[in-house]
Amino acid sequence: MSKIIDLSKPIQYNIKDPWFMRVKIKHKSHKKSHWLIRLALQLPSRLFPKNWIGWADDTIKHMGLHATTHIDAPWHYGPVVEGKPAKTIDEVPLEWCYGDGIVINCTHKKDFEAISVEDLIKDLERNNITLNKGNIVLIRTGRDQLMGSREYPEVGTGMSSEATEWLIDQGIKVMGIDQWGWDLPLKYMAKKAKEENDPEYFWSAHRVGIKKEYLHMEQLTNLAALPPSGFKVYVFPLKIVGGSAAPARVVAILD
């Protein structure tokens, strides 16, 4: 029997999230819809089903496309990639979003210490894994344990541009990470760029997507429940026309 592992975070309001990624959902009760149905549809009380209160309904009042577990489209990194218009999320082939999964363990990396090509190769060799074109590579940092806290977007490791490009060169089109972002934390990168007076430092791993087409997932969770290989990953995004990203219910299936 197959086992399904949910790799997605819950979509809910959390005051500890940064203001720009707080999700706001309005829940309408069964009792409230009872009156809405009667008023809007002019349904007399005598014709309303006797053993039913009404339907529940919900409205997403605010949710950024990058606010929860999501996959970034090439359009997120820039308008052009490999000299061609970058794909928005609705243009991404679904064939890219399904494949054999590989987990690379980078939990040894300290906060603000970037993941290198050597880190990736060492863990792959330790587990006797060879990457193949079409694999979906998941980077395990362990920072999903901070999910929901104020520290979550502020700390963590992150992929270097070199490590990102190396994965693409191995034939990996889709990859993901179990922390807030793919790069080192944003505030840290901004501070470091100013200290080093380096215009190429900020968001360098994301910007690999300007010259080489790829997609990555952010804010995954439960990667500790997966083996290094031997499972499938499904990461079908919502079909948001023109979107730079889309929320996705990412799951792994172990046979």
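Tutor: A search of the whole structure finds zero disulfides, a disulfide being a pair of cysteine sulfur atoms within 2.5 Å. This is a predicted model, in which local features need pLDDT of at least 70 and side-chain atom pairs count only at pLDDT 80 or more, while totals for chains, interfaces and linings use all residues. Residues are numbered from 1 along each chain as its sequence is written, and side-chain values use heavy atoms, with hydrogens and water left out.

Student: Why is Cys-97 called buried?

Tutor: Buried means under 20% relative accessible area, exposed over 50%, and partly exposed in between, with a 1.4 Å probe and protein chains only. Cys-97 has a relative accessible area of 1%, and Cys-106 has 0%, so both are called buried.

Student: What makes a set of residues the largest nonpolar core?

Tutor: A nonpolar core is a set of buried Ala, Val, Leu, Ile, Met, Phe, Trp, Tyr and Cys residues joined through side-chain atoms within 4.5 Å. The largest has 27 residues, and Leu-120, Val-137, Ile-139 and Met-159 have the most contacts inside it. Its largest share, three residues, comes from helix 4.

Student: How do you know that Val-137 touches Leu-167?

Tutor: Contact means heavy atoms within 4.5 Å; leaving out residues up to four places away in sequence, Val-137 touches Leu-167 as well as others, including Ile-102, Val-174 and Gly-176.

Terms used
Helices (H or I, at least four residues) and strands (E, at least two) are DSSP runs, numbered from the N terminus.
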